[in-house]
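Trainee: Could we go through this structure together, with each term set against its cut-off?

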Amino acid sequence: MVVGARRAGLSISQSAQLLGFSCTTISRVYKEWCEKGKTSSMRQSCGRKCLVDARGQRRMGRLIQADRRATLTEITTCYNRGMQQSICEATTCTTLRRMGYNSRRPH
């Protein structure tokens, strides 16, 4: 929308007023489009990388299928046994939730 407004002949301040962004944002986005030809932000690639990749998730899934009643501590211990980089229980919990598992207590 920013590029379209600027290419339509609107000034930076007119574009900012029309779209509801600041003048700095309008000029930064348009400048990036002129120089690099892109307008998407690199926000997707920020943050810490996952310690458990797809292969690790498959391994963790096999551990869970082997013992459905295993506790989080037991799963973490078994997972760390064969890995170079160990993970903590919080990482195990996060990975299990991402895989679709959640905790239940037996009656």
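Trainee: What makes the charged end of Arg59 count as sitting over the ring of Tyr79?

Mentor: This is a predicted model, in which local features need pLDDT of at least 70, side-chain atom pairs count only at pLDDT 80 or more, and totals for chains, interfaces and linings use all residues. Side-chain values use heavy atoms, with hydrogens and water left out, and residues are numbered from 1 along each chain as its sequence is written. A charge sits over a ring if NZ of Lys or CZ of Arg is within 6 Å of the ring centre and within 35 degrees of the ring normal. The charged end of Arg59 sits over the ring of Tyr79, 5.1 Å from its centre, and the charged end of Arg6 sits over the ring of Tyr30 at 4.9 Å from the centre.

Trainee: Why is the pair of Tyr30 and Trp33 called stacked?

Mentor: Rings of Phe, Tyr and Trp (its six-membered ring) pair if their centres lie within 6.5 Å, and planes under 30 degrees apart count as stacked, over 60 as edge-to-face and the rest as tilted. The ring centres of Tyr30 and Trp33 are 6.1 Å apart and their planes are at 25 degrees, so the pair is stacked. A search of the whole structure finds 1 aromatic pair.

Trainee: Why does Leu72 count as partly exposed?

Mentor: Buried means under 20% relative accessible area, exposed over 50%, and partly exposed in between (1.4 Å probe, protein chains only). Leu72 has 29% relative accessibility, so Leu72 counts as partly exposed. Trp33, at 26% relative accessibility, therefore counts as partly exposed too.
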